[in-house]
Amino acid sequence: MAENETLECITEHERILQEIESTDTACVGPTLRSIYDDQPNAHMRFMEKLDARIRNHDREIEKMCNFHHQGFVDAITELLKVRMDAEKLMGQVTDTNQRLQEAGKEVTAQTVEVIRCRIQQRNMATTVEKLQLCIPVLEKYSKLKEQLESKRYYGALKTMEQLEKVYIPRVSQYRFCQIMAENLPRLREDIKEISMSELKDFLESIRKHSDKVGDAAMRQAQQHRTFNSAIAKQANVGHYTRPLYSVNGQTHTQTSLMMEDDAEDEDADEEVLTAQDLVDFSPVYRCLHIYAVLGDRETFENYYRKQRKKQARLVLQPQANMHETVEGYRRYFNQIVGFFLVEDHILHATQGLVTRAFADELWNMALSKIIAVLRTHSSYCEDPDLVLELKNLIVIFADTLQGFGFSVNRLFDLLFDIRDQYNETLLKKWALLFREIFELDNYSPIPVETEDEYKLVVSRFPFHDAEIEKDFPKKLPMSQSVPQIYMQVKEFIYASLKFSESLHRSSTEIDDMLRKSTNLLLTRTLSCCLQNLIKKPYIGLTELVQIIINTTHLEQGCRYLEEFITNITNVSPETVHTTRLYGLSTFKDARHAAESEIYTKLNQKIDEFIQLADYEWSMAESEGRASGYLMDLINFLRSTFQVFTHLPGKVAQTACMSACKHLSTSLMQMLVDTDLKQISMGAIQQFNLDVIQCELFASSEPVPGFQGDTLQLAFIDLRQLLDLFMVWDWSTYLADYGQPTSKYLRVNPATALTLLEKMKDNNKKNNIFSQFRKNDRDKQKLIETVVKQLRSLVNGMSS
């Protein structure tokens with residue numbers, strides 16, 4: 001029994017252990033509780049069994065671990081190896097995740113778009129629902145039929161108006177509404193004919209009164225501008241207050257009210273007429289009301305606008321001779337202003353007959369035509385005063401229409417084009433003034449006998465000299481044309497400024513305009529006049545010297561012109577975009593041209609004296625004194641260079657050196673001239689005396705500032721050539737030829753050969769060398785040898 005019980009207990013314990021091993025942990029409780037419920041101390045035996053079972057499992061685990069230990073180690077090793085790959089994989093996964101997130105954003109955005117589309121679909125459904133509004137239209141039309149049958153036409157007209165403006169427009173896409181709309185016009189045709197007759201009479205009336213309306217409005221605008229200008233001057237304000245006008249002649253600004261009070265004080269009897277005073281607008285109001293009630297307002301508006309467009313084209317057609325007088329322009333502007341003031345009144349007095357869009361369209365069309373007309377007719381005008389009056393009319397015209405809300409920027413842009421033309425007419429006018437000043441100038445220094453005369457001159461031209469201011473009488477260095485030119489430039493600036501006034505431009509822009517126009521006057525007009533003056537045949541050396549002095553002082557006066565413009569415009573010359581005057585370059589160019597002309601005329605004068613030379617090239621002996629023509633030439637040069645003392649040193653020195661070089665070249669040319677076939681030693685000696693006088697003149701320092709014998713070097717070629725023939729030092733010349741230290745370094749072999757052959761030919765004719773052949777025939781052979789050697793040198797140079 002004990003054994004059976006023990007066996008059963010063991011079997012039970014095995015079962016419990018298997019159940020514990022095979023079941024979930026949550027269900028172990030009931031199983032363990034059964035151990036304690038069976039027999040006393042049964043749990044002890046179960047514990048022993050459990051320990052034995054645990055030891056058995058431990059042995060199996062140990063065996064298993066021993067068996068798989070090496071594999072485990074190998075697996076760990078492999079796991080460590082793939083660790084790096086796992087980290088790399090993790091980075092890739094992270095990157096992939098980020099890209100997925102970015103892609104998800106686009107999906108989210110698309111989702112929002114889908115939601116918006118859904119909302120649109122819902123709105124469309126709502127729109128479909130609103131189509132149910134068609135029912136009230138049918139009900140209203142039924143009511144209209146009843147009213148027509150009962151002859152209640154006023155009520156029918158109101159109903160028709162409601163159908164056209166309220167009900168039918170809501171469902172006009174349906175066919176039944178189209179049928180209704182087609183039937184309505186037949187009911188109001190008779191009423192149309194009556195109202196249209198009144199409209200035609202109205203259009204004819206306003207066409208006749210446009211001129212008067214425009215004249216009254218432009219007069220009022222001119223009063224506003226004059227008054228505002230006076231207020232601005234009193235308050236020292238540089239800006240312009242734009243007037244605001246109304247059809248009844250009253251304005252909406254305090255300044256305008258002050259102007260009206262002032263105008264009433266000046267002339268209480270004068271009353272400014274307005275568009276409403278001159279035109280009866282009641283016909284158009286009645287006609288508009290009838291067409292509105294009849295539901296054909298659009299036809300009325302289209303007809304009215306079409307007729308007004310036709311009238312606008314007629315108004316915009318100028319008279320052929322409009323450019324001849326300012327009154328022609330005034331009448332033209334009055335008609336246009338009157339036309340648009342009527343449109344402005346109708347715009348504000350009615351609702352929709354004249355819209356702002358239509359008024360602007362009409363104005364833009366008219367503005368293009370006005371600009372083209374003004375540009376064409378103004379181009380015919382050559383009187384700057386008339387151009388200036390036209391500008392003032394355009395400004396008043398623009399201010400008037402701007403006060404009624406019309407854009408006039410293009411008119412002010414046109415004024416810039418007209419300003420260029422105005423400047424051109426001014427330039428032409430000032431060109432005549434400059435030429436007249438230059439023609440009347442005596443090109444002599446201005447004599448001042450008293451201090452008052454001196455002050456009068458310096459008041460016209462900014463000249464200051466402490467030495468001159470002490471004692472009188474004196475002579476100012478410039479001639480009378482300098483202050484006259486300076487004053488005329490200032491007058492030109494004033495004239496140019498007149499056009500810049502009232503253009504609603506800043507002081508900087510006006511300053512830039514003045515400077516640019518003044519630059520044109522200096523660089524083009526005055527420069528051209530100076531260049532033409534310099535080239536005139538009656539302008540001699542003395543006049544050219546005075547012109548150089550004048551341009552020097554005018555150049556110095558340019559900075560005072562800069563200050564003059566600055567004082568007018570109150571714009572600092574240090575402003576970044578301030579245009580500078582180009583007068584300095586103008587006067588420098590004129591001065592250089594005058595200097596060049598001095599050199600040319602001086603050389604021409606020398607050529608005239610050279611042409612008077614009458615050498616006897618076959619004379620046996622010299623006359624013992626210099627030729628008369630040369631002494632006259634030297635005296636002329638000496639007196640001329642004394643006049644040059646007022647010129648800058650370099651100019652006088654250059655002129656003197658140029659004259660000496662030209663004289664030397666001309667004298668050399670006389671010796672080698674192909675027309676001169678023979679020359680004697682006596683002629684050479686006479687020529688040498690003339691060259692000595694030239695050298696004495698050069699050494700006398702006719703113009704101060706030359707260093708050493710610089711001026712004498714102009715005649716060095718002649719001197720060495722003449723010394724070679726006078727001394728007859730051919731052996732030295734031939735021996736030292738080509739050496740830097742040669743005594744005859746400047747003697748050209750070809751020149752020496754030419755002159756020697758001319759002397760040789762003269763010897764054959766006159767037996768000049770007969771004494772040499774009698775006394776020493778070897779000298780003749782020496783001459784032949786020199787000629788051969790010179791030819792050899794010349795041939796060597798040419799090869």
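Author: Axes here are lines fitted to C-alpha atoms, for helices over the stretch in contact, and angles run from 0 to 180 degrees between N-to-C directions. Helices (H or I, at least four residues) and strands (E, at least two) are DSSP runs, numbered from the N terminus. This is a predicted model, where local features need pLDDT of at least 70, side-chain atom pairs count only at pLDDT 80 or more, and totals for chains, interfaces and linings use all residues. Residues are numbered from 1 along each chain as its sequence is written, and side-chain values use heavy atoms, with hydrogens and water left out.

Reader: OK, at what angle do α17 and α20 pack?
Author: About 25°, with the axes of α17 (residues 481-500) and α20 (residues 558-569) 11 Å apart. So α17 is roughly parallel to α20 (angles under 35 degrees count as that).

Reader: And which residues make the contact?
Author: With contact meaning heavy atoms within 4.5 Å, α17 brings Y486, V489, K490, I493, Y494 and L497, while α20 brings Y560, L561, F564, I565 and I568.

Reader: Switching topic: which phi value does E701 have?
Author: Near 55°, which is positive in a residue other than glycine. E701 sits in the loop between α24 (681-699) and α25 (716-727).

Reader: What about phi of W728?
Author: Phi of W728 is near 60°, again positive in a non-glycine residue. W728 lies in the loop between α25 and α26 (730-736).

Terms used:
Angles under 35 degrees count as roughly parallel, over 145 as roughly antiparallel, 65 to 115 as roughly perpendicular and the rest as oblique.
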